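I opened the notebook on this model to look up its nonpolar parts. My entries follow.

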Amino acid sequence: MAFTVFILQLAVRILSLPMYLLNFLGLWGWICKKWFPYFLVRFSVMYNKQMAGKKQELFSNLQDFAGPSGKLSLLEVGCGTGTNFKFYPPGCRVTCVDPNPNFEKFLFKSIAENRHLQFERFLVAAGENMHQVADSSVDVVVCTLVLCSVENQEQMLREVCRVLRPGGAFFFIEHVADKHSTWNYFWQQVVEPAWYLVFDGCNLTRESWKALERTSFSKLKLQHIQAPLSWVLVRPHICGYAVK
């Protein structure tokens, strides 16, 4: 089976040669950063529609982690176009972090459509290095469909723990690798070389729950689900929250 995957991956790489050439020349990253926000605007509408129930369920207890003031301070890592805003409680103070500055105009459109939130700032930064955010300064950190593409999951999760106040929580929804015995995992492996380039560094076969389990949270509530999505390759998900 491993040999079959190798041969098919080789075929995918050959078919993707123009992208690999542009990537080698240093041009593909620039192209991808430009077009990816336009793709995500459309994808997020579909994803939110199909995952609305799960998001509402997961984010229903965000307010429980508000600090003494009663106002929830929330940091969203990899905020993209701001499609999670509609699920946040009224009065929530939101800071957004994303490494792609091209999301900014889409993000501010979402802010204008979600007046129930108190927007604080947008920081162009990678999740692995959020030095602009002070230690123990937020009640909740949220990331959805982010751990698939960060360069270093462990470093990002260390940053999450750093910025969370004691007793604060990290909420997540992530697509992950399917069970190794499934045909879906087989095809995840086959298409991943091209998928990684097309979707701005997204990995289909990451077992992100392992990084979460290795992080020093005091409590981890994690659930494996098959998301009700049209795209079969990204149906395997994990969701839940962890308490510092």
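How much helix and how much strand does the chain have over residues 6–32? I found 85% helix and 0% strand there, with the end C-alpha atoms 26 Å apart. UniProt, in an unreviewed entry, lists residues 6–32 as "transmembrane region"; such annotations may be inferred rather than shown by experiment.

I noted the ground rules. This is a predicted model: local features need pLDDT of at least 70, side-chain atom pairs count only at pLDDT 80 or more, and totals for chains, interfaces and linings use all residues. Residues are numbered from 1 along each chain as its sequence is written, and side-chain values use heavy atoms, without hydrogens and water.

Next, the cores. I used buried Ala, Val, Leu, Ile, Met, Phe, Trp, Tyr and Cys residues joined through side-chain atoms within 4.5 Å, where buried is under 20% relative accessible area, exposed over 50% and partly exposed in between (1.4 Å probe, protein chains only). The largest nonpolar core has 42 residues; Leu62, Leu74, Tyr88 and Phe171 have the most contacts inside it. Helix H3 (28–59) and strand E5 (164–175) are among the elements that supply at least two residues each; helices (H or I, at least four residues) and strands (E, at least two) are DSSP runs, numbered from the N terminus. H3 gives the most, with eight residues.

Last, Ile14. I placed Ile14 in helix H1 (residues 2–15). Ile14 counts as exposed because its relative accessibility is 55%.
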